[in-house]
Each structure stands twice: as structure tokens, then as C-alpha cells.
Amino acid sequence: MSTILEVNKVVKQYGDYVALNGVSLTVPKGSIYGLLGPNGAGKTSLIRIINQITLPDRGEIILDGEKLQPKHVQYIGYLPEERGLYTTMKVGEQCLYLAQMKGLSKAEAKKQLEYWFERLEIQGWWNKKIQELSKGMAQKIQFVVCVLHKPKLLIFDEPFSGFDPVNATIIKDEILALREEGATIIFSTHRMESVEELCDHIALIHKSNKLIEGKLSDVKRQFKTNSYEVGILSDNVEGLMYDITQKFTVTPANFKSLNNELKLEIQLGSALPNELLQVLTQRGQVTHFVEKIPSVNDIFIQTVSK
Amino acid sequence: MSIISLIIKREFIAKVRNKSFIVMTFLSPLLFVGLAAFVGYLSTMKADTKRIAIHDESGLFAQEFTAINQKNGEYKYLDLSVIDLKFLKDSITNENYEGLLYIPKVESTKDFENKIQFISNNSPSISFIEKVQEVIADKLTKTNFIQAKLDTLAIAKAKANVNISLSKASGEESVKGLNEIKIGIGGAFGYLIMMFIIIYGNMVMRSVIEEKTSRIVEIIISSVKPFQLMMGKIIGTALAGLLQFFIWALIGLSLMFAASLFFGVDVGPTAKLSPELLQAAQQEMTGTAQMYIKELWNLPIASILIGFVIYFIGGYFLYSSFYAAIGAAVDNQTDSQQFLLPIIMPLMLSVYVGFFTVINDPHGTVAVVFSMIPLTSPIVMLMRIPFGVPLWQIAISVTLLFGTFFSVVWFAAKIYRIGILMYGKKPTWGELYKWLKY
């Protein structure tokens, strides 16, 4: 998989405050790349640099094999966290204006706009002013503005905030569809469940430094502790507990089930799952046996609080 | 279409479509003409004649005053010397006299100089007191002449009237009052520039603040450079402003024209004159008028107009970049006050310097210095140009203006670039300075 965006040891300082301390990222083409980090970590600073809103003090950005330069704005679509449109301008005119700023011709912009309005079923809004629309409706327009010029790279900063579940699902499906059409998506969010659902790559920035980066599955593998959740029906609980505590670390677990079984979380250490299963099957009926995979949320909290 | 012309177009359309802009465009000339008509109407209204009671114990002056009584004059003097002084004093309020002029009986005429009193409830106007003093002084002087056995008629004859006529070294005849006309022309253009800067500079600032508060600015500057956005805004607003000024001038002129047709302006006194008198007066008038018109044509009209265009562009761009930077630095208009004062001050200063210094001494040090300083030169130099300014001075002034303009735009763009992304805090001067270094 080739790389669409490469961030190379980027440093950004505001006065004495270091917002980015030599951050490097590699975003593969066609990926959905989650940029995670607590508030004030430097995510927005980095996104602004990629959008050429601000310049890095040091380091460089490579977009699709070329050093980042002004003409690249047309390849990038940006949905900022602070949403906003001209409140007194009509929706259609506004979208045309913003699309033309991204280098589209007026005719092309109009064609794209009509296509997207139809796709999102908002054809009737053309002559409305933003101030006449609800917040969620305005967000939809903002989404259209962001994708209108068919950018290769889409950057969404908290894309789901402000959407109700119905619209959030629509936007999520659109994001996936855009990826199918060949776009790469970077998205920055606090909502870990959407990262879990959408992202195939993640990077975690904390206190101006990048701490983790990679394929989501690789990162999870890196963070897994080789623990299993076990449910077992046994007549001799004491004997069972004796057997397994000899070999493994055991803590009580909590998961949903229909039976009234014993629920345990067992850390295997260097042992293999089969060794545990052998012990368990001798002592009772195994009803539940699942490897415990760390969630993005776990990884986030674990890394940030270190 | 280039990005900057896109921005200019949007700014222009946004301004022109704005409801308050439309209302102001068509209402202002109406208000202005209406106000002018109202003031005109007020000034034609006759003020009530004020009655002045005179108690003249000397018997010397009362008839001097009653002699100058005019029908419908502003003041009517009543000789009430026969009535008791104390009673008169008490009746000022009851009888609704404006005041009481009390002239006591004195030993020597010398004593009149400081014994005369004017008693009133309201303080009298200076011009009224001066008039009264003049009448008394005239009478006293005449009395003194007679006492000294001088021939008053001979003195009156001997009195000389001097009227210096002005001419230039080139030999042309000149007219008085030309300085006033010159300062009037320069002042009108200078004032126009000031008004334009204040109205449309503010508009630039508001538009920056609007983009900032609506948060759209982040989307826009991810497509264009802040500098392009700022310049587009300034130019677009200027075009809308020029359109508005043009419409104002058009409506104003046609309203004036309509008004003059409707009311029949200025036919009052001349209509009553006999035809012969009128003709004579006209001949005399046209002589002077021709000279004025000749003088007006002799003014450096081309330099005035070219100067106006250059200083208009330079001044407007210079100041509106300040306004744009301020708009970027603050979150709302109330916060902008502290930064606006230093902008308004030089503007006011240049108008004052223009009207007070340039008219007295157009080529004096103060006038020359202020016509060089870039913040004041657009207005002060324009006021000086009608008096004839050496080309080298204009060259220096324009160079300085545009030099400053480019550096200010550079600074303003820096503040703008940082400021538009700063939300939620009111910056201090110190912080603005820090932004310059980012």
C-alpha cells in the first residue's frame, strides 16, 4: 500500500509553548486513519499544518510524493471541528463560492453540487440561508463543501459531533463510500467507538508527541495481554480454582450470559490457550471462552495515563 | 477566475445585498437633504423681536438707539427714561424685556466709559453687547469732537477706506477669499477620504469579525492565503463603498435639483429690485464672479484630481488594513474600541491640521510635516495641493505613504493570520506584538 501523506519530524511552537514536538506520521493511501489524542495534544495544530493554514517551524509534509505546496489545497477536503458557514448567504451560492476557491470551475462546481444535494436528499435547500437551517442541516452542508471537489485526502475533525444518530449514520456511510471511491480519510476524534468501527490505522498524539502509530490490528496485538474471558459450569469450584490458580493469574470477570456460571478473566502469561482449556475441561462445562482484545478506548487510556 | 477576484466579488455582493446597506444607500441622501431643508426652514423663521428697555439719565444716547430700530429687527430699543429705574428693574421679568440698558448721569463724558450697565436675566450675546458699545462709543466720539471744536463733517470726509486688491507676481489680478475656496476644495476631498475610511474601514472590520465568529474563516483559509482574503475583503468593500457614494451623489444632486425647482431657490431679495438696478448689480456681480471662475480654472485641477485618487487609494488601503487586523484580533465589536482610538486620532488630527494650520500657512513647517507623515498625509496634502505644492514634496509624501502602506499591510496580515484563529480571548497590545513574531 503506497503512502499518500507523510509527516516528517514536524515541530510547531507558539511562543514558548511547543504544540508539536517532532511528530512523524505515515498515512497509507486508501486508509481510514484515526488521529487520536486528548484535548490540547496538538491534533488541531497538526491538521492546520496539513491544510497549510499555518506553517511548521521545522519538518516537512509530503503529499502524494510531493512536498506540500499551495496548489495542494485542491486535493484536500477539510471539515474543521469549529463548524461555520456564512449565515446570511444562500446555501447554493455559498457552496459554489467555496468550491471555486478550491479550484473548481463554476460549471463543474454546480454539477458536483447537484450530485451531492441529490445524494444527501437536500435538493430543496439551494435557496435557503444557513441561518434558516438547523444545526444538523448546516453540518450536512458543511460536509458537502468538504467533499465537493473530490479531494484525494479528506480530513475530518470530530465529524460526528452535532449529528443525530440518523444523520451520523448517513455521514458514516458516506465516509465509507468515499473510501471505496479511492479517497484517504484522516479523522480526528474523541469518540473511540467510531474509531473502532471505521479506522484501519490509528495514531495517538499526547502532549505534543506521537506515542503510537500503526495498523489498528497491529496496535491491538501489541497491547493484548494474552488474557481470556472464561465462563464455566462446575460442581467443584474449589478444585477448579485450585487447579487454575496454580498455573495462571485469575481475576473475576463480568460479561453477559444466560447461565449462572462462574465468570473469570484468566491471564495466560506465556502459556497457550489450549493449556488452559485442558485444565478447564477436566473440571466442568466451558460455556464461554473469548480472547480479551484491548479496545481502542483501553489503549487510549492506558497510554495517556502512563 | 482568480481567487482574489472571487473574494472581491463575494464581498461586494454580500455588502450590496445587505439590507441595512440598501436602506442606508437610499435613506441617507433623503435624511441629508431633509435635514438641510429643515435647517433652511428654521433659519427663515423670524425670531421674536427682543425688547430692550433704555433708561438714559444723561439724555444723550436714547435716541441714538431708537434711531437704529428696524421693522422686524432682532432688537427693539424702547426709550423709557421717564420711568423710575427701580420700577423698570423690577418689571424686566413682568414686561418681558430682554434687558435694561442703564446710562447714569455723569460729571464728565469720560465717566461714561465704565459707568454704563446692562441688566438682564439671561446673559446677552457678545454681538449684541458689541453693537451697544459701538453705538455708545460712536456717539461719545462725536460728542468729544464737538467739545474739542472739531469739524465732524470734515472728519467724516477725511476718513479713508482701504481695500487692498491681490495680484500674483505673474501680473494676473487675483481675488480675495480665494484661500477659503482653496481650503474648501481641498477640505472637501480630505473630508471625503476621512468619511470613506471611517465608514468602510469599519465595514471591513465587521466583515472580518463576522467571518471569525461564524467560524467559516478556517474553511476559507484552508483554501486561500489570509493575505488574499484580507485584500479581497478590503477591495470588495471599497467597491461597494464607491457604488454607495456614487448613488448618494446621484440622489443628492437630483434631490437638490428637484428641491430648487419646487421651492424656487434664492429669488427673494433680487426679485423686488427694479430691472435697471438688477442689471447693474448683475454686471458688478459677473465681473467678480468671472474672476472667481477664472481663478478656479487656474487651480491645479489635474493635480487635485490625480492627488485625490492616489491619496484616496493609499489612505484607504493603509487604514483599512489596520481595521482588518483589529477585526482579526478581537472576537466582537465591543472589544475593538481600545484598538480603534489610535486609528481615529490621526484622522481627526489631519482634519484639524488641515482646517486650522493649512489655511493660515499652507507651506509652513507644521503643514509640510503633516503632509509627509503617512497617517495624516492623505488628508493634509490634499488640502495643500490647491495652494500649489512643489512636485518633490508630493513625490516624497506619496513614496512614504505607499512604503508605509506595504509594511502596514505586511504587519496587518501577520496579525490577521494569527488573530483569525484565536477565539475567546481579548488580546492586549503586548499579545499583538507577540503575534508579529510568530
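At what angle do helix H13 (residues 301-329) of chain B and helix H14 (residues 337-358) of chain B pack? In this predicted model, local features need pLDDT of at least 70 and side-chain atom pairs count only at pLDDT 80 or more, while totals for chains, interfaces and linings use all residues. Residues are numbered from 1 along each chain as its sequence is written, and chains are lettered from A and ligands numbered from 1 in the order in which they are written.

The angle between H13(B) and H14(B) is about 175 degrees, and their axes are 10 Å apart. Helices here are DSSP runs of H or I with at least four residues, strands are runs of E with at least two, and both are numbered from the N terminus. Axes are lines fitted to C-alpha atoms, for helices over the stretch in contact, and angles run from 0 to 180 degrees between N-to-C directions. H13(B) is therefore roughly antiparallel to H14(B); in this scheme angles under 35 degrees count as roughly parallel, over 145 as roughly antiparallel, 65 to 115 as roughly perpendicular and the rest as oblique. The contact joins Tyr319(B), Phe322(B), Ile326(B) and Ala329(B) of H13(B) to Phe339(B), Leu340(B) and Ile343(B) of H14(B), where contact requires C-beta atoms, placed from the backbone, to lie within 7 Å. By class, this contact of H13(B) with H14(B) comprises seven nonpolar, no polar and no charged residues. Ala, Val, Leu, Ile, Met, Phe, Trp, Tyr, Cys and Pro count as nonpolar, Asp, Glu, Lys and Arg as charged, and the others, Gly among them, as polar.

The crossing of H8(B) and H16(B) is right-handed, a term used if the near helix is turned clockwise from the far one by less than a right angle, and left-handed if anticlockwise. Residues of H8(B) in this contact include Gly186(B), Gly187(B) and Gly190(B), and those of H16(B) include Pro378(B), Leu382(B) and Arg384(B). The contact of H8(B) with H16(B) contains eight nonpolar, three polar and one charged residues.

The axes of H16(B) and helix H17 (residues 391-419) of chain B come within 11 Å and cross at roughly 165 degrees; these two helices are therefore also roughly antiparallel to each other. The crossing of H16(B) and H17(B) is left-handed. On the H16(B) side, Ser377(B), Pro378(B) and Met381(B) meet Ile394(B), Ser397(B) and Leu401(B) of H17(B), and the residues of this contact divide into four nonpolar, two polar and no charged.

Chain A is divided into domain 1 (3-221) and domain 2 (225-294), with bounds from an automatic or database domain assignment. The C-alpha centres of the two domains lie 44 Å apart.

One open sheet of chain A has four strands in the order E2-E1-E4-E5, with antiparallel pairing. Its edge strands, E2 (17-28) and E5 (66-67) of chain A, each pair on one side only; two strands pair if DSSP finds at least two bridges between them. Strand E1 (residues 3-14) of chain A and E2(A) are joined in the antiparallel sense over nine bridges, and Gln13(A) has Val18(A) in E2(A) as its bridge partner. The hairpin of E1(A) and E2(A) has two residues between the strands, and Gly15(A) there takes a positive phi near 65 degrees.

Another open sheet of chain A has four strands in the order E12-E13-E11-E14, again with antiparallel pairing. Strands E12 (249-252) and E14 (285-291) of chain A stand at its edges with a single partner strand each, so one side of each lacks a neighbour in the sheet. The twist averages 25 degrees from one strand to the next. Strand E11 (residues 227-233) of chain A pairs with strand E13 (residues 262-267) of chain A over six bridges in the antiparallel sense, and Glu229(A) has Glu265(A) in E13(A) as its bridge partner. Helix H9 (residues 273-283) of chain A lies across E11, E13 and E14 of chain A and runs at about 15 degrees to E11(A).

Conventions:
Two residues are in contact if their C-beta atoms, placed from the backbone, lie within 7 Å.
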